[in-house]
Amino acid sequence: AGNDLSNPAVTSKIGYIERRCEEARTNMHREADAVILFGDNPAVESADLMASDVSIRHTIALIYSMMGDQQSAQKRTFKAYDVQTQLRDAFWDGNESACYDRDYLGNTMKTLTVNNLLMMYYGAFEKSMADRFVSRYLYARDGFGTAMPLPPLARGDRYFTNEKGSNFNGQ
């Protein structure tokens, strides 16, 4: 019974992963000394980090379900949806149809990044959020302007540069 919940190694690893999720979310609120490393307004509250948390919690729920512990699976699924709601409430800008990170002061960083697609991949966007983001930005000239390759920043973003040979322009 190497893969069941009676195996302390299995439950210990699952508990470790869950603790790491909580630590990562707690550490998103880093101290202001991050300014020294990252400039005037470093991103310290990251929407894509929360999105990976959603994905990990769904995966842990699936593991519990596969092991026959439906109660633990349901608990993790509810927690994943709770984190998804927190992500939407903290980072989703309904007027802009996108998620934006926050700096160390809690200010929204209005830089449109491809991380919104990563959040969709992680399952953190509701379908309506994904639909709005894709229809507004994926093919738009001032958005990402292409399905592939995607630039990490939207073409209309103030930090986007279209220099020949740049890895940051989607060429």
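The protein exposes about 10100 Å², and carbon and sulfur atoms supply 52% of that area. These areas come from the Shrake-Rupley method with a 1.4 Å probe; for residues, only the protein chains shown count as cover. Of the 171 residues, 36% are buried, where buried means under 20% relative accessible area, exposed means over 50%, and partly exposed is in between (1.4 Å probe, protein chains only).

Keep in mind that this is a predicted model, with local features needing pLDDT of at least 70, side-chain atom pairs counting only at pLDDT 80 or more, and totals for chains, interfaces and linings using all residues. Residues are numbered from 1 along each chain as its sequence is written, and side-chain values use heavy atoms, with hydrogens and water left out.

On to the fold. The protein has 6 helices and 4 strands, in the order α-α-β-α-α-β-β-β-α-α along the sequence. Both kinds of element are DSSP runs numbered from the N terminus: helices are H or I with at least four residues, strands are E with at least two. Taking contacts with a separation of 6 or more, 50% join residues 24 or more positions apart; a contact means heavy atoms within 4.5 Å.

How far can you trust it? The average pLDDT (the predictor's confidence in each residue, from 0 to 100) is 77, and 71% of the residues score at least 70. Over residues 29-39 pLDDT stays under 50, and the model has 11 contacts beyond four places in sequence for them. Where pLDDT is low, the predicted coordinates should not be read in detail.

Now for the rings. The structure holds 3 aromatic pairs, counted when ring centres of Phe, Tyr or Trp (its six-membered ring) lie within 6.5 Å; planes under 30 degrees apart are stacked, over 60 edge-to-face, and the rest tilted.

F133 and Y137 are both buried. They sit about one helical turn apart, because 4 residues separate them in helix 6 (residues 127-138). Y121, by contrast, is exposed at 70% relative accessible area, while Y122 is partly exposed at 25%.

Another tyrosine, Y16, lies in helix 1 (residues 8-27) and is partly exposed, at 45% relative accessible area.
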